[in-house]
Amino acid sequence: MERKKLATIWLGGCSGCHMSFLDIDERILELASLADIVKSPVVDGKSLPPCDIALVEGSVTSDEHREELFHIRKQARILVSLGDCAITTNITGMRNYFRTADVMRNAYQDAASNDRVGNYPDDPQLLKLNDKVYPLHELVKVDYMIPGCPPHADTIFYVLSALLQDREPDLDRVKKIKYG
Amino acid sequence: MDTLKMQIDGQWLDVTPGMTILDACRTHGIHIPTLCHLDGLSDVGACRLCLVEIDGNHKLQPACTTKVADQLVVHTDTEKLRNYRRITTELFFAERNHVCAVCIANGHCELQQLGYSVGMDHVRYPYLFPECNVDASHEKFVMDHNRCIMCTRCVRACAEVEGAFNWDVMNRGFNVRIISDFNTPWGESTTCTSCGKCMHACPTGAIWPKEYAQGQLKKNPGMIGELMEKRNMKLT
Ligand code: SF4
Ligand code: SF4
Ligand code: FES
């Protein structure tokens with residue numbers, strides 16, 4: 001079998017999904033025998049080259065995430081949503097119940113821990129928050145979903161090893177669907 | 001008592017007149033998913049999870065509110081029904097805010113279990129993200145409307161078992177909400193007896209006791225049915 005190109009990407013998440021990915025422990029050697037990792041937050045910051053599988057953690061919270069997600073969709077043959085934030089927006093989407101301006105005022109000015117004169121970070125270099133946080137599949141076609149906060153290492157390994165060996169993963173059939 | 005003959009999933013069964021299709025299925029060990037049904041409470045057909053196909057009837061019917069009849073032919077597990085159950089389940093998740101990772105009911109939730117059982121790995125509909133109140137004014141319990149699925153089990157447990165009539169339903173559609181008394185804070189209720197039956201009846205993390213933290217919640221919805229059974233016992 002030809003070696004595959006694997007990427008893991010971190011958008012609006014806490015990196016917990018990536019930590020869980022690392023929890024596959026020595027089984028990572030099995031994956032390494034099937035694939036090269038072409039991009040990952042633990043490797044470097046290059047833009048994503050064409051690849052077979054992209055595991056994407058986190059939701060789309062900003063203009064930067066949106067652009068990156070569209071780029072990933074162009075480059076990756078198979079796009080996998082990794083974790084609850086990517087699939088449901090999870091905690092990152094809790095600001096969707098309110099107006100962004102109110103959320104910012106609450107966080108940077110009115111919070112009890114604040115002196116009430118705080119400014120919000122608005123340097124043009126910084127990413128711009130969307131008014132709404134989106135799950136990945138609301139913006140691009142997603143091929144597989146691995147829910148969980150974080151998904152269990154065994155579940156991530158199951159999906160990856162299936163995809164790397166050209167098999168269809170089916171979390172329902174193996175009873176590995178989990179939220180939270 | 002007379003019995004009737006009906007067919008469920010290809011099997012002819014003897015059933016008792018007056019029972020619902022759901023009763024008949026449960027008696028014969030046939031599983032149908034339900035959320036608004038709770039043993040001991042009246043049935044209202046609110047959640048639409050228990051829909052079944054009946055030969056000669058082009059409309060799907062809720063098993064919990066449809067009575068058995070002689071020669072009825074019922075299907076409980078068709079492709080069409082599985083599809084509708086998945087859609088219904090997804091709509092529950094899309095309608096309010098279910099953040100399982102930080103929910104008190106995580107791991108002990110009937111809605112979460114339902115998601116697993118219908119194979120829901122994501123929700124195909126846009127989330128509505130409504131702004132919902134969390135009423136923490138009661139001394140012992142919290143009512144979190146983010147997690148409420150409007151099954152009205154709390155309303156019926158309060159009215160039919162405790163007889164307190166604290167809970168009711170306000171508005172329609174997207175704006176529908178469970179209310180305490182006349183839409184006043186739960187802690188100010190003049191009818192609530194603080195018995196906690198609504199909390200046990202509630203299938204999700206919408207009603208919970210204050211002494212619990214995330215993921216610790218364990219409820220005993222079976223207690224409602226047991227109470228009603230004991231109440232109806234004739235001691236001679
Ligand atoms: S009520 Fe159930 S489904 Fe909703 S967030 Fe809580 S655990 Fe998840
Ligand atoms: S609070 Fe719980 S029991 Fe009451 S309607 Fe909502 S989900 Fe059902
Ligand atoms: S259980 Fe029958 S409609 Fe809810």
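## Interface of chains A and B

Across the interface of chain B and chain A, 0 salt bridges are found, a salt bridge being a side-chain nitrogen of Lys or Arg within 4 Å of a carboxyl oxygen of Asp or Glu. The model is predicted: local features need pLDDT of at least 70 and side-chain atom pairs count only at pLDDT 80 or more, while totals for chains, interfaces and linings use all residues. Residues are numbered from 1 along each chain as its sequence is written, chains are lettered from A and ligands numbered from 1 in the order in which they are written, and side-chain values use heavy atoms, with hydrogens and water left out.

Contact (heavy atoms within 4.5 Å) involves 21 residues of chain B and 23 residues of chain A. The two chains bury about 1,800 Å² between them, 64% of it on carbon and sulfur atoms; buried area is the accessible area (1.4 Å probe) that two parts lose on being put together, summed over both. On the chain B side, B:Tyr116, B:Asp121 and B:Phe129 lose the most area to chain A, together 34% of what that side buries. Helix H3 (residues 110-117) of chain B gives the most to this side, with 3 residues. Helices (H or I, at least four residues) and strands (E, at least two) are DSSP runs, numbered from the N terminus.

## Salt bridges within the chains

Over all chains, the whole structure has 18 salt bridges. In chain B, B:Arg86 and B:Glu90 form one at 2.6 Å, N to O. They are 4 residues apart in helix H2 (residues 79-95) of chain B, so about one helical turn separates them. Both B:Arg86 and B:Glu90 are buried, where buried means under 20% relative accessible area, exposed over 50%, and partly exposed in between (1.4 Å probe, protein chains only).

B:Arg153 and B:Glu110 also meet in a salt bridge, at 2.9 Å, N to O. This pair links distant parts of the chain, 43 residues apart: B:Arg153 is in helix H4 (residues 153-162) of chain B and B:Glu110 in helix H3 of chain B. B:Arg153 counts as buried because its relative accessibility is 1%, whereas B:Glu110, at 27%, is partly exposed. In chain A, salt bridges that share partners join A:Arg99, A:Asp102, A:Arg105 and A:Asp110 into one network.

## Strands of chain B

An open sheet of 3 strands in chain B has the order E6-E7-E10, with antiparallel pairing. Strands E6 (134-135) and E10 (207-209) stand at the edges with a single partner strand each, so one side of each has no neighbour in the sheet. Strands pair if DSSP finds at least two bridges between them; E7 (residues 141-144) and E10 of chain B are joined by 3 bridges. B:Val142 stands opposite B:Trp208 in E10 of chain B.

Strand E1 (residues 4-8) of chain B runs antiparallel to E2 of chain B, with 5 bridges, and B:Lys5 stands opposite B:Asp14. Their hairpin has 2 residues between the strands, and there B:Asp9 takes a positive phi near 50°.

## Two further residues of chain B

B:Thr20 is in the loop between strand E2 (11-15) and helix H1 (21-27) of chain B. At 8% relative accessibility, B:Thr20 counts as buried. Not counting residues up to four places away in sequence, B:Thr20 touches B:Ala63, B:Cys64, B:Thr66, B:Lys67 and B:Val68.

B:Glu229 lies in helix H6 (residues 222-231) of chain B and, at 59% relative accessibility, counts as exposed.
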